[in-house]
Amino acid sequence: MALKFPSPTEIGGISFLDSSKADLFKLKGGFTLKRKENRVTFGRKAHCSAQAPPPPAWPGRAVPEPGRKSWDGPKPISIIGSTGSIGTQTLDIVAENPDKFRVVALAAGSNVTLLADQVKRFKPKLVSVRNESLLDELKEALSDAEHKPEIIPGEQGLIEVARHPDAVTVVTGIVGCAGLKPTVAAIEAGKDIALANKETLIAGGPFVLPLAHKHNVKILPADSEHSAIFQCIQGLPEGALRRILLTASGGAFRDWPVEKLKDVKVADALKHPNWNMGKKITVDSATLFNKGLEVIEAHYLFGAEYDNIEIVIHPQSIIHSMVETQDSSVLAQLGWPDMRLPIIYTLSWPDRIYCSEITWPRLDLCKLGSLTFKAPDTVKYPSMDLAYAAGRAGGTMTGVLSAANEKAVELFIDEKINYLDIFKVVELTCEKHQAELVANPSLEEIIHYDLWAREFSASLQTSSGLSPVLA
């Protein structure tokens, strides 16, 4: 049974339909949202005063260090999450470019059959399966393999794959905060990070970024939007970046009137107009939470202030993002929607690798005909205000936002809450966290509040369908 709020169209303590008209409103417990220039910010109590942000991975420009290369022959890489979407596409790139890359270690979750096939094909030195109960099954699947790698199961195996002594770059394709510890291990071992795990920065940015700078490690974005920004800032002079423009498809409801959103069913949210993706990311695209989280990630990656990061709806998904320079020039990265493009650039940077037209279709603008853009509707997508507010609050708030959204989406997919309840669950979880916000958290605190946010979000749905918190 779904949660029942005071009004099915109420978001942030005011009417969902009228939220763009509010200048100031308050939530329970003194948690204040202030609207400034059509944005909302979380008010924080005095003991949570703003701290200096962590140093960005790339301070508005990307300049390769001379003489950084430290290997001979194909570049040695490790992959965490080798049987997932990012991992399998990375291995496709390795298979197509054996003279450029080689795999030294692989870590997977529970897909033993696919992992065994990958081991037989790519012959890594070390393999890990996170589900320790599947160790014997993996050994059996590799019993007839010519190549026998070392196998370390469980979380320790993920860490050993991440810090394998031969690896130069680690691809972090694992989902969730499970990717934090192996990523930290890789950074401490001096490995560059091909970043596909959002929680590394969204939850872990305040801890991970100073650590990366300490060990002179490069964090290279492997998702399409941040890769586009990264490509656009190549060679910019210091201080040249003025604004970041993140493009968004608009998701399943980009053409829906806002009044219909109270009637959304799970099947509606899973009908992405452009792609066939997993359920969670498809719902995130519908709510635009995916873009709100990318705003936070862009802040941590490139150091742009939140006032200088904007979202633009671009239905064709050909321009993957843009940057504006101080002289008002706008630089954009274009291409067919294909995750292999950002992955291969992450692996090859600062070089560019030739890609055959047979497997990498070239962009034909004349065939496209036109590209269109429009501003996102903050009434239809309250996620944007929530994400900007969490980003400005900083510290553990961004990780709480991400974890609460993940749990809320799970509840929605399981039909335990309604579509509009996703925003309310995230809002209430962030509200509850404001008194405990940690500005400069440790790794343990980041993981603790990630788990707390999931538990609190789940507590907003009870067997009776109505939480005492909302009664």
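Buried means under 20% relative accessible area, exposed over 50%, and partly exposed in between, with a 1.4 Å probe and protein chains only. Side chains in a regular strand alternate between the two faces of the sheet. This is a predicted model: local features need pLDDT of at least 70, side-chain atom pairs count only at pLDDT 80 or more, and totals for chains, interfaces and linings use all residues. Residues are numbered from 1 along each chain as its sequence is written, and side-chain values use heavy atoms, leaving out hydrogens and water. Helices (H or I, at least four residues) and strands (E, at least two) are DSSP runs, numbered from the N terminus.

**Strand pairing around β8**

- Strand β7 (residues 101-108) runs parallel to β8, joined by 4 bridges; two strands pair if DSSP finds at least two bridges between them.
- A108 stands opposite V129 in β8.
- β8 and strand β9 (residues 150-151) also run parallel, with 2 bridges between them.
- V127 has I151 of β9 as its bridge partner.

**Crossovers**

- A right-handed β-α-β unit is made by β7, helix α2 (residues 112-122) and β8.
- The chain then crosses from β8 through helix α3 (residues 135-141) to β9, and this β-α-β crossover is right-handed.
- Right-handed means that, with the strands pointing away from the viewer, the path from the first strand over the helix to the second runs clockwise.

**T200 in α6**

- T200 is found in helix α6 (residues 199-202).
- T200 is buried, with a relative accessible area of 1%.
- Not counting residues up to four places away in sequence, T200 touches L180, T183, L195, G205 and V208. Contact means heavy atoms within 4.5 Å.

**Helices α8 and α11**

- In helix α8 (residues 224-232), 9 of its 9 residues are buried.
- The cover over the buried residues of α8 includes β13 (241-248), α11 and β15 (319-325).
- Helix α11 (residues 289-302) also has 14 of its 14 residues buried.
- α11 reaches 20 Å from its first C-alpha to its last, close to the 20 Å expected at 1.5 Å a residue. The expected span is 1.5 Å times one less than the number of residues.
- Just after α11, G303 takes a positive phi of about 75°.
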